[in-house]
Amino acid sequence: MVLIAVSVLSVWLSGKWIDQPNGRYLVIAHKGISNLNQTPNVVENLKKVSATKPDYVEMDIQPTKDDVYVLSHNTKVTTTSGKSYKINQTKWSTLKSLKIKEAGHTFKLSSFEDYLKTANLYHQKLLIELKINDTITNEQLQKFETQYGPLIQKNHSEIQSLNQNALKRASRYLKVRTGLLSPVKNTIDNTKTNQFYAIEYSAVDQTLVRSINQHKKDLYVWTVNDSADVASAYVMGVRGFITDHPKQVRKQLKQLVKQPTYSDALRGILFFQKSAI
């Protein structure tokens, strides 16, 4: 009883006291996978992931030397023969034929266009991480919108980016919801660019959730795989759950709606577990 009282008091004093959970939760499949055995960011997995019925599939895209956008979390890829290529310094005609080896997986890069068309075929919405930097020109951003905009709008995708300045410029041309991706807390404001915030789970507390809710915006957290993390994020009022296990997380959230498990929630709030983006 003393331990519980101390835990609750610690949560309250740190500004993390829980509010009403958000019943409009979203389950988001991290890196386009539904379990950690699958290869991330490849079109071949999309059918399997979509079958688990996530609200969104999160994936990463970045431009090649000739402005063809491809799926990749890393800016550099290594082939099975050990040769490395920087994506933004290599043309798509070269990259598309390479056999890539990464984290125990062997695969070929998927083009963003193929992924989008496949997602639309399965009626699967996407959360697109746009990996761009300040060197991208307005002309290139307009070209991106011309080439991919209609497919993105048809998909009802959302776009997020770590680069606030580049995202702000990109939002001028994109007719979709955009949001700031961040591993740390950020100042929450009324800017139209940040219609949602995607923040690493261990940086989230009740004060941040309240601030985002007060600005009538959404909060997504990544990467929540542990049941205590899911429970604590739920009772704090988080909207989006970016996870490597969308089927299991949805099952847990459905149960939490019926009967919230506050013991798991308090444990998750007090002892954050960092996860890799």
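# Briefing: helix packing and buried sites

Asn120 is in contact with Leu151, Lys154 and Asn155, leaving aside its neighbours within four places in sequence. Asn120 lies in helix H4. The model is predicted. The protein chain has 10 helices and 13 strands. Of its 277 residues, 54% count as buried. Among contacts between residues at least 6 apart in sequence, 60% join residues at least 24 apart.

- Asn120 has a relative accessibility of 12%. The cut-off for buried is under 20%, so Asn120 counts as buried.
- The side chain of Asn120 makes a polar contact with the side chain of Asn155, at 2.9 Å.
- Lys154, one of the residues that Asn120 touches, belongs to helix H5.
- Lys154 has a relative accessible area of 60%. Exposed means over 50%, so Lys154 is exposed.
- Lys154 and Lys117 are 37 residues apart along the chain. Their C-alpha atoms are separated by 9.7 Å.

**How H4 meets H5**

- H4 covers residues 112–121, and H5 covers residues 138–155. Their axes come within 9 Å and cross at roughly 20 degrees.
- Angles under 35 degrees count as roughly parallel, so H4 is roughly parallel to H5.
- The crossing of H4 and H5 is left-handed.
- On the H4 side, the contact is made by Phe112, Glu113, Leu116, Lys117, Ala119 and Asn120. On the H5 side, it is made by Phe144, Tyr148, Leu151, Ile152, Lys154 and Asn155.
- By class, this contact of H4 with H5 has seven nonpolar, two polar and three charged residues.
- An α-helix has 3.6 residues a turn, so residues three or four places apart point the same way.

**What covers H4, and what follows it**

- The buried residues in H4 are Phe112, Tyr115, Leu116, Thr118, Ala119 and Asn120.
- The cover over the buried residues of H4 includes helix H2 (46–51), strand S2 (56–63), strand S3 (69–71), S8 and H5.
- His123 follows H4. The phi of His123 is positive, near 55 degrees.

- Gln124 lies in the loop between H4 and strand S8 (126–130).
- The relative accessible area of Gln124 is 4%. That is under the 20% cut-off, so Gln124 is buried.
- The side chain of Gln124 reaches the backbone oxygen of Pro54 at 3.3 Å.
- Not counting residues up to four places away in sequence, Gln124 touches Ser50, Pro54, Asp55, Tyr56, Val57, Ala119 and Asn155.

**Ala166, in helix H6**

- Ala166 is found in helix H6, residues 164–170.
- Ala166 counts as buried, at 0% relative accessibility.
- Leaving aside neighbours within four places in sequence, Ala166 is in contact with Ile132, Asn133 and Asp134.
- Ala166 and Ile136 are 30 residues apart in sequence. In space, they are 7.5 Å apart, C-alpha to C-alpha.

**Gly179, in strand S10**

- Gly179 lies in strand S10, residues 177–182.
- Gly179 counts as buried, with a relative accessibility of 0%.
- Beyond its neighbours within four places in sequence, Gly179 is in contact with Ile159, Gln160, Ser161, Leu167, Thr193, Asn194, Gln195 and Phe196.
- Gly179 and Lys168 are 11 residues apart in sequence. Their C-alpha to C-alpha distance is 9.5 Å.

**How H8 meets H9**

- Helix H8 covers residues 227–236, and helix H9 covers residues 246–258. They pack at an angle of about 45 degrees, with their axes 10 Å apart.
- Roughly parallel means under 35 degrees, and roughly perpendicular means 65 to 115. H8 and H9 are therefore oblique to each other.
- The crossing of H8 and H9 is right-handed.
- Ser227, Val230, Ala231 and Tyr234 in H8 meet Val249, Gln252, Leu253, Leu256 and Val257 in H9.
- The contact of H8 with H9 divides into seven nonpolar, two polar and no charged residues.

Note on methods. Residues numbered from 1 in each chain as written. Predicted model: local features only at pLDDT ≥ 70, side-chain atom pairs only at ≥ 80, totals over all residues. Heavy atoms only, no water. Axes fitted to C-alpha atoms, helices over the stretch in contact; angles between N-to-C directions. Helix = DSSP H or I, 4+ residues; strand = E, 2+ residues; numbered from the N terminus. Parallel < 35°, antiparallel > 145°, perpendicular 65-115°, else oblique. Left-handed = near helix turned anticlockwise from the far one by under 90°. Contact = heavy atoms within 4.5 Å. Nonpolar A, V, L, I, M, F, W, Y, C, P; charged D, E, K, R; others polar. Buried < 20%, exposed > 50% of the residue type's maximum accessible area, 1.4 Å probe, protein only. Polar contact = N/O pair within 3.5 Å; in protein donor to acceptor, adjacent residues only side chain to side chain.
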